[in-house]
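Dear colleague,

Please read them with the model open beside you.

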Amino acid sequence: MNLNKTPLHVAIIMDGNGRWAKKRNLPRIFGHKAGMNAVEKIVPYAAKKGIKYLSLFAFSTENWLRPKEEVEGLMEILSEFIDKEFNKIMENNIKIVVSGRLEQIPEIPRTKLLNLMEKSEKNRGMVLNLALSYGGRSEIVDAVNKIIKSDIKEVQEDSFVKYLYNPEIPDVDLLIRTSGEMRISNFMLWRLAYAELYFTDVLWPDFNEEEFDKALNDYANRSRRFGMTDEQIERGDI
Ligand code: IPE
Ligand code: IPE
Ligand code: MG
């Protein structure tokens, strides 16, 4: 339960790349490239703002259904992102983790990701959680299958979370979704249970430091109650 004015964990559904490109009569892949530039700006900025965990929805289990060229283009952009950002990630002391079925990611970006995860493992700044081939339902199903294979006969909420992807990552405090869509699209179902939701019409490639500040300010003004009353929260009865 995080009652601080700064969220501990921010998750972002980076949506609207295709529409950004369409508005400019460009192929969708140009929108994804522009989206990568927005990621490059937001990651160090989030670290600077004191965010401890940042989860970015980069590719969903459902996104495999997109045209082959688009999927291939996205995987190339992922490789490019790692090559380009490697040094900056290390300089900023950022630790990279991946949530999702990494084994489904093509070999070139997968090898680069595994290397980046290993090299950044000891970094103690922000944790950047890249959701790749990620589905909230798959995460829960994968957790259940791990439990079935163990000798555990019963779970509670706090023991169940140990089987999710990267169990050290806490619940989401603030979820941001760009592009005006107001849905979760199978993102972090378990950890979003009590998240504050922030929707903006800004398309992901246009999202910048100023827009991120708007979301953080909005969050700082929310009253989080976790089922209790304002009075209990004010008294600190937790
Ligand atoms: C988000 O942008 C990026 C991914 C899903 C990979 P979209 O590609 O979904 O953009 P729109 O929704 O078509 O505008
Ligand atoms: C969600 O966006 C997935 C990512 C941002 C990676 P989509 O564009 O795939 O979501 P829907 O299909 O419109 O709900
Ligand atoms: Mg979309």
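How many nonpolar, polar and charged residues does the shell around ligand 2 have? Please bear in mind that this is a predicted model; in it, the shell around ligand 2 has five nonpolar, two polar and four charged residues. The residues that surround ligand 2 include Ile-13, Met-14, Asn-63, Arg-66 and Arg-183, and strand S2 gives the most to this shell, with three residues.

Taken alone, ligand 2 exposes 390 Å², of which the protein buries 78%.

The space that ligand 2 takes is the largest pocket, whose volume is about 750 Å³. This largest pocket is lined by 32 residues, and those closest to its centre are Met-14, Asn-17, Phe-57, Ala-58 and Phe-59. By class, its lining divides into 16 nonpolar, eight polar and eight charged residues, and at least two residues of that lining come from each of helices H1 (17-23), H2 (28-48) and H3 (68-91) and strands S2 (53-60) and S4 (127-134).

The second largest pocket holds about 310 Å³ of space. Its lining has 14 residues, with Met-1, Asp-171, Ala-193, Tyr-194 and Phe-226 nearest the centre, and by class that lining has nine nonpolar, one polar and four charged residues.

With best wishes

Technical notes. Residues are numbered from 1 along each chain as its sequence is written. Chains are lettered from A and ligands numbered from 1 in the order in which they are written. This is a predicted model: local features need pLDDT of at least 70, side-chain atom pairs count only at pLDDT 80 or more; totals for chains, interfaces and linings use all residues. Side-chain values use heavy atoms; hydrogens and water are left out. On a 1 Å grid over the protein atoms alone, a cavity is a set of points where a 1.4 Å probe fits but cannot get out, and a pocket is an open set with protein on both sides within 12 Å along at least five of seven lines; lining residues have an atom within 4 Å of a point. Grid points are joined across faces, edges and corners, and a volume is the space filled by probe spheres set on the points. Helices (H or I, at least four residues) and strands (E, at least two) are DSSP runs, numbered from the N terminus. Ala, Val, Leu, Ile, Met, Phe, Trp, Tyr, Cys and Pro count as nonpolar, Asp, Glu, Lys and Arg as charged, and the others, Gly among them, as polar. A residue is near a molecule or strand if one of its heavy atoms lies within 4 Å of it. Accessible areas come from the Shrake-Rupley method with a 1.4 Å probe; for residues, only the protein chains shown count as cover. A molecule sits in a cavity or pocket if more than half of its atoms lie within 2 Å of its grid points.
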